[in-house]
Amino acid sequence: MNPGRRESLDDLPDLYTIFRGEVVTVTEYGAFIKIPGCRKQGLVHRTHMSSCRVDKPSEIVDVGDKVWVKLIGREMKNDKVKLSLSMKVVNQGTGKDLDPNNIITDQEERRKRTFKDYTGQKITLEAVLNTTCKKCGCRGHFAKDCFMQPGGTKYSLVPEEEEEEEEAAAAEVKGGEKSVHTEKSSRKRKKEKKKKKKLKSKKESSSSSSDSDSEGQTASKKARHLAKESKRKTKKHRKKHQE
């Protein structure tokens, strides 16, 4: 068994090698590609077929198609070598490597390793919400889960909907109080303006009445003066007539 296993490993291409292979089988989760120069097949998972989301691999490739792939993983399971291939990091027209430093591949492998299934555990939000990160000083996460870079932007928890509603209600109450205060002040101003107008109208009426009274007095004085002069003239005329 060991010599056979060594021969199969030796026949495989090196890691991160780019080659062109033929599609042998298409399944719901990906496509199997025949590796040239050996009898092994590698799997291109649907997540590695394109940079866009792929729901049906049959829409991307068909059996018999030849595609450019990159060997991104080799794993031993049950005495069998499992090969992982990727199409999205290779230009399908020219076969050029779109990820020469293997950054995208390393990031995806890191995500797979760090992923853990916590469905069987209870989630206690209070324990996380009340913690303070020692790395960035923000609340709501642990230092090991902090993704802040040195000298970068600090991030904090987004307030929940209930807190936002309470803040909005408080703001509305404050705004209502301000509007009531402004309405009261505007009413006071209107009343003061009305009072001033009334006072002005009274003063004008009193001044006009005083002016009319003075005019009447002068007219009566003139009439009296004219009456006196007319009496004097009549007396003089009578004396001259008697003489």
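Which residue stands opposite I18 in β4? The residue is K70, and this report keeps coming back to K70.

**Ground rules**

This is a predicted model, in which local features need pLDDT of at least 70, side-chain atom pairs count only at pLDDT 80 or more, and totals for chains, interfaces and linings use all residues. Residues are numbered from 1 along each chain as its sequence is written, and side-chain values use heavy atoms, with hydrogens and water left out.

**The overall picture**

Let us start with the whole protein. It has 4 helices and 5 strands, and along the sequence they follow the pattern α-β-β-β-β-β-α-α-α. Here helices (H or I, at least four residues) and strands (E, at least two) are DSSP runs, numbered from the N terminus.

Of the 243 residues in the protein, 18% are buried. Buried means under 20% relative accessible area, exposed means over 50%, and partly exposed lies in between (1.4 Å probe, protein chains only). The accessible surface comes to about 20,500 Å², and carbon and sulfur atoms hold 51% of that surface. Such areas come from the Shrake-Rupley method with a 1.4 Å probe, and for residues only the protein chains shown count as cover.

What about contacts, meaning heavy atoms within 4.5 Å? Among contacts in the protein with a separation of 6 or more, 46% are between residues 24 or more positions apart.

Two strands pair if DSSP finds at least two bridges between them. Strand β1 (residues 18-26) and strand β4 (residues 66-77) run antiparallel and are joined by 5 bridges. Strand β4 also pairs with strand β5 (residues 80-86), again in the antiparallel sense, over 7 bridges. In β4, K70 stands opposite I18, and K70 also stands opposite S86 in β5.

S86 is buried, with a relative accessible area of 1%. Leaving aside residues up to four places away in sequence, S86 touches H48, W68, V69, K70 and I72.

The hairpin of β4 and β5 has 2 residues between the strands, and in it N78 takes a positive phi near 55 degrees. Two loop residues have a positive phi as well. Y16, in the loop between α1 (2-11) and β1, has a phi near 70 degrees, a positive value in a residue other than glycine. N102, in the loop between β5 and α2 (103-114), has a positive phi near 60 degrees and is likewise a residue other than glycine. Not counting residues up to four places away in sequence, N102 touches Y16 and K70. N102 is buried at 12% relative accessible area, while Y16 is partly exposed at 32%.

**Salt bridges**

Side chains of opposite charge can pair when their charged atoms come close. A salt bridge is counted when a side-chain nitrogen of Lys or Arg lies within 4 Å of a carboxyl oxygen of Asp or Glu. A search of the whole structure finds 2 salt bridges, shown here.

| D55, relative accessible area 48% | R53, relative accessible area 75% | 3.0 Å |

Why does the pair of D97 and K70 tie together parts that are 27 residues apart in sequence? D97 lies in the loop between β5 and α2, while K70 lies in strand β4, so the pair links those two parts.

**The largest pocket**

Finally, look for the largest pocket, which holds about 690 Å³ of space. Of the 27 residues that line the largest pocket, G73, E75, K82, L83 and S84 are the closest to its centre. At least two lining residues come from each of β3 (41-45), β4, β5 and α2.

The search uses a 1 Å grid over the protein atoms alone: a pocket is an open set of points where a 1.4 Å probe fits, with protein on both sides within 12 Å along at least five of seven lines, and lining residues have an atom within 4 Å of a point. Grid points are joined across faces, edges and corners, and the volume is the space filled by probe spheres set on the points.

Methods
Contact means heavy atoms within 4.5 Å.
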